[in-house]
Structure formats: structure tokens, C-alpha cells
Amino acid sequence: MRLLALLATFFVTANSAFADAITITDQRGRKITLDGDVKRVVTIPIPAASMFIAVDGSTDRLVGMHQLSKTAIKGRILERFYPDALTIPSNITGKGFSFVPNVEELLVLEPDLVFQWGHLNDDIIEPLVNAGLEVALIRIGKEEFTRKWLTMMGAMTGKADKAQAMIDWRDDVMAEVRAATADIAEDDRPRTLYFMNYLSKLRVAGGKSYNNFYIDLAGGKNVAAELGMFVDVGVEQIIAWDPEVILLNGFEAKLSPQDVYDNELLADLSAVKNRRVYKMPLGGYRWDPPNQESPLTWLWLSMILHPDKIDWDMAERISRNYQFIYGQDVTDDDVANILRVDMNADAANYDIFGAN
Amino acid sequence: MSIANKTTAPARLWRFGLWGILVVLLGLSILVSLGIGRFGVPIDHVFAILLGNVFPIELTWKPVEERVVELIRMPRILIAALAGAGLAVAGSALQGVFRNPLVGPQIIGVSSGAAFGGAFAILVSESQVLLIGAAFGFGMLAMLVVYTISRQQGRASILMLVLAGIVTSAFFSALVSITKFVADPDDKLPAIVFWLMGSFASSSYEKVLLIGIPVMLGSLVVYLMRFQINVLSLGDEEAQSLGLKVERTRWIVLVAVALISAAVVSAAGIVGWVGLVIPHFARMLTGPDHKALIPAAALIGAIYLIHVDNVARASIAAEIPVGIITALLGAPVFAYLLRRAANKGWSSE
């Protein structure tokens, strides 16, 4: 009888262990097995932090993030939605755009799982694996990669439905934008340039970048499509490309369109003459890299590129989808903040967003 | 070997011919380079734009072409020329006073010292003048350290000099890393990284002046010291017996070299191999007399770096760091020169 009880207990435990185990395949094809829903997650890729918060709907399970993830939260709308996010440690990597993990700081956080970039070198991965941490590797550059981040995050937090809804939203908006831009002739697609860096050097997004994907989708032509992911170029190359629209990254916090307008060397660019230089918006995250709000980026950019042809109600879209993603209301002031009206107000056509 | 200012008639003729050729080559290099770039400007437009500065010519070119030629290419070409000339003069002077063909501004630590000085200046202030000043100060300091380490019983052997240079460069490189580590990643760090990487990409006429003045000044001092360098290159004992104040002379030359190197580093970062290789080329043409060697090295250095930068800025859409090309070209050429010099004999050691 005792033996039977013991056996029964064993089976129940084993059974429940099997039932709760979660197996995830990461974007380098590695199998990750978790005992159950994750409790403590660290994200090293910069856009992954706010995406994880968005999927989970809370900051409780995010115990560490990249320093540049936090600078997108501090003083912006995510800080209001999740004030606790600012207390999450962000000292887990080297400074600036470094993804080299600070393994001992990471071990202190006792994470069940660490997100890390899989498309860079393996030196930023091995220290984590050697320290016995469970690592999920993710990639950047294509929209399908980003969807996989959502699927993985949904599966490990028990929020698969939310993640799927966020993916469905991406599908819907992509179809909408594609339909709106499909008939635009090649010659009517503005030559577009995205600056990944402007203040310290001139680094632009090439054909393998995620930026290239949404410039195409929104009805533009990336002038730097012949180059790889992010590449340094000279001023003269930019003049030779003569972009009609310039997009400025959200990482260089102080960078504004005025910096481009004030640059004597760029005075002949169509984008400068027509005042079509725009700071990328910053909502729950910077809108330039792939993130949980990417569909809003696509809608916004399609209007920037084709103000005469395309007209979405951005304020309504933002408000509706912030309710969906974060369960939070936004005001008109919030919309203006997200769309960077502070920097973009003087740019051509920015009044189409009705946020001025 | 003649150390006095006496040259035979055929030799003088050869020199005048050489100057003519080098000066014409430099002029042509600048003109041709003004027509090279990612943005297509027809060569006749380049000429028209240049002449348009002096004569009232009918506008046949687009304003954007004028901007590209005059605001982007011209300052960049001038800075490349100044940097090439400065590095070659500095290298010639160092090789003379140290009686050592392996010496260049990079090898004796002045470049990495200047790099640290500049990075530190960016960290603590925004002043361009302080940047050059600190680059100069720390360039000098690094050179002083190398000099002190390598001197034993009043003389510096080649091996000790090179080793001391390696040690000192490593130390200042570490200081640069610390500076980068403590810098604010949103603000100061990108500025430091950009400055250190060294490219002519951000050239402007202000920068031309900013590096032109110290480079010219330093080069002038080196040229005025040409006879003393000649005497020094015979060896310290010989120089002393000829009545030269060895230490003082060496220091004046070193200060001038540090000034040149600091200016070049602050404009273009560490551009290696130019100061090492070009003086050898010049010496093949002029012989070891610094009176002819120094101006020849300056002209060849200027021509060389102009063309290297043409490749860096115009060959592909992406900007190639200029230091990569100078190293790719410089290292094998230098190895070849070393093999030749081994047989032909450098005057000392």
C-alpha cells in the first residue's frame, strides 16, 4: 500500500514535470528545455527587453536588461506604464553598443534564461553557456525573425495567445500597408536613407537591415540597399545618392533633424531642401529596430513617404493598440511625444498626424 | 659621405630635376583627386569650378558640384597631403637623430601618447585647441618615456629603442581603453571612438588650418635643423667632437616631431607606416643628406597619402579606414626595403 502510494506520487510528480516542461527552439536551431514558465529572464539584445515586458504584460519576470534598453524607457511612456522597469539592473554588458556579457553580474541575477544575439560572434555567447546559463539566441534583419521572438517569449511565459495576437496584428497591418503601397510605381517611391549613426560618424542601413525591409514595405527605396547591414559611408556618397527622405535613429538621443539641416555639406540633398528629415518615433520602444510596435512604424513611415496618397488615423491606431499591447490609455500629448513632434514639428507634412 | 652643404654640379642638376618632377606630381595629384569621388563631377567642371574662384566664368556647373569639389574634396585632399608630408618629415627626422631606419612616429610611442592625450581632452572638454595641446603634451611625454627607458650609459641601442617603444605604446593604448571605458556612452564615447578611428571623412577648412599650422611649424624646425641632423646621424661621439650640442639638438628635433605627430593624430587618428616607409623611398632618390631628404620626403608623403585616401573614399560606397590601406601597402614595402638596406648598409650600428 505504501509502495503503491509512493509509486503514485512518483508518477504524479513525473507526469506534472513532463506536462510543465517547455521546449523551445531558438534562432540558431538550439533546443532549450525549461522546467516550466520562466520566472527570471535577462535580455541582452536591446529591443528584447520592452518586447518581453509587452508580451508578459508586466516587469515581474524581467530581472536584467541592456543599458540602452533602459534609456528607451527612462523618461518615455513605458516608464509611466511600468514604473518598476527602472529598478531592473542594466549593468550586465559592456558600455555603449557592447553585447559582451558581464557574466558574474548576470549570475547574481539567477536568471532561468538569457536572451542573446545569435548573428554576431560566438564570443558573446560562450561565456554565458560556460557559466551554465540557459541561453536563447535571436537574430535580426527580417520580419520573420521578429515574429519568432514573440513566439518564443509567448511560449516561455505562458502568454502564447497574447504573442499570437501580436503576430496576427503584424500580419494584418502588413497586408494593409502592402495593399496601400502595391500600386505605387517604382519612380514614385522616394529614395530613402536611414542613419544608424549621424553624430559620431555617418553609418547607414544597407540591404540586409530590418530598416531596409520596412522602407520597402512602406513604399520607399533604400538608397543604400547595395550595402550590407550597417555600413560607414562618406558625405560624398550621400550626396551621390541624393535621398528624398532621411530617417534619423532613436539611439542618438540628442540627434534631431536640425543637425542635418544645419550641415552645410548636405544642403543640396532633396530631403534637406524639401525638409523631409524625420526623427524616428519612440513609443514603448524606439520605432527603428524591430519591436512590439513595428506595425505602427510601418503605418507612420508609409504616411511620411506618401503624404498625398496614404492617410491612416495614427492617433487612433496608437491609442487602440496601446490598449491592446499594454492595456493602457494614451492622451493626445502622449501621441505627440511618441511621434517626436518636439523634433519633427517643422518637417514637411508633419501636420498630417494631427498631433502638432 | 658629405655632410657639409656641398654638392657637385651634376648632382645639383639631378636635384633640381627631382624637385620639378615631385612638385608637378603633387600638383597633378591634387587636380586629379579633385575629379575622383563617389559623386560624379566631370573633369571640365572641376577645372571650371577652380578657375571660377579667380575669374568670372559663366556658371556651367551645378551648385552641388561646386560644393562637392570645394567643401568636401578640397579640404580632405589638403589634409591628406599635410598629414602625409608631416608624417614623412617626422619619420625622416627621427630616423636621422636616432640613426635608425626602423624608427617612425608610431614606433617610438608618440602616436599612442598623442592618441591618449586627445581622447582624454575629449573626455574633459569640448575645446579643439585643448585637444591638440593634450595630444602634443602626451605625445611628448610618451617619447620622453621611450627615450629614458632606452638610454643606457648615454646611448640608445636600436633594440632597446624599439622595445621601449612597444612597451610605452602598449601602456598608452591601455590608458586610451580606460578613457573609453569611463566615457559617457551616449555622448563622449562615440566622439572618442570616432576621433581615434582616424579618417579624413570629417575634413573642413578649419581643420586644414588646425593641423596645417603645427605641421608646417614642426616641419620648418626640422628643416632648419637639417645640418645638425646630418651631424647627429654620424653618431653621438663624432657629433660631439664636431662641436654639436648633442642632447639639445636632439630635443629640439623631438619636440618638432611630437608637434607634427600630435597634429596629424588629432586630424586623422593613427595613420601607420607612412613615416616609416616614405623616408626610405626619399633616401633612395636623394641620398642621406637631410637638406634634400626632408623636402623630398614631404612631397612624396603628401602625394602618397592623397592617393591612398582616394582609394579609401572613392573605391566603394562604404568608407575604408585609411590606416588599413597604409598598413597593407606599407608593411610589405618596408620588408622589401629592409632586405635591400641589409646589403647596402645604413651608416650606423
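The legends below describe close-up views of a predicted model. Residues are numbered from 1 along each chain as its sequence is written, and chains are lettered from A in the order in which they are written. Local features need pLDDT of at least 70 and side-chain atom pairs count only at pLDDT 80 or more, while totals for chains, interfaces and linings use all residues; side-chain values use heavy atoms, with hydrogens and water left out.

**View 1. Helix H2 of chain A, residues 48–56, is mostly covered.** Helices (H or I, at least four residues) and strands (E, at least two) are DSSP runs, numbered from the N terminus. Nine of the nine residues of H2(A) are buried (under 20% relative accessible area; exposed is over 50% and partly exposed in between, with a 1.4 Å probe and protein chains only). Among them are A:Met51, A:Phe52, A:Ile53 and A:Asp56. A:Gly57 follows H2(A) and has a positive phi, near 75°.

**View 2. Helices H7 (residues 143–157) and H8 of chain A pack at an angle of about 160°.** Their axes are 7 Å apart; axes are lines fitted to C-alpha atoms, for helices over the stretch in contact, and angles run from 0 to 180 degrees between N-to-C directions. H7(A) and H8(A) are therefore roughly antiparallel (over 145 degrees; under 35 is roughly parallel, 65 to 115 roughly perpendicular and the rest oblique). The crossing is right-handed (the near helix is turned clockwise from the far one by less than a right angle; anticlockwise is left-handed). Residues in contact (heavy atoms within 4.5 Å) include A:Leu150 and A:Thr151 in H7(A), and A:Met166 and A:Ile167 in H8(A). The contact of H7(A) with H8(A) comprises six nonpolar, three polar and four charged residues. Ala, Val, Leu, Ile, Met, Phe, Trp, Tyr, Cys and Pro count as nonpolar, Asp, Glu, Lys and Arg as charged, and the others, Gly among them, as polar.

**View 3. Helix H8 (residues 160–182) of chain A also packs with helix H14 (residues 314–326) of chain A.** The angle is about 160° and the axes are 11 Å apart. H8(A) is thus roughly antiparallel to H14(A), and the crossing is right-handed. From H8(A), A:Lys162, A:Ala165, A:Met166, A:Trp169, A:Val173 and A:Glu176 meet A:Arg317, A:Asn321, A:Phe324 and A:Ile325 of H14(A). By class, six residues of this contact are nonpolar, one is polar and three are charged.

View 4. Rings of Phe, Tyr and Trp (its six-membered ring) pair if their centres lie within 6.5 Å; planes under 30 degrees apart are stacked, over 60 edge-to-face and the rest tilted. A:Tyr82 and A:Tyr326 have ring centres 6.5 Å apart and planes at 65°, so the pair is edge-to-face. A:Tyr82 lies in the loop between H4 and H5 of chain A and A:Tyr326 in H14, so the pair ties together parts 244 residues apart in sequence. A:Tyr82 is buried at 8% relative accessible area, and A:Tyr326 is buried at 7%. In chain B, B:Phe116 and B:Phe172 form a tilted pair, 6.2 Å centre to centre with 45° between the planes.

**View 5. A:Glu110 has a positive phi, near 50°.** A:Glu110 is in the loop between H5 and strand S5 (113–117) of chain A, and is exposed at 56% relative accessibility.
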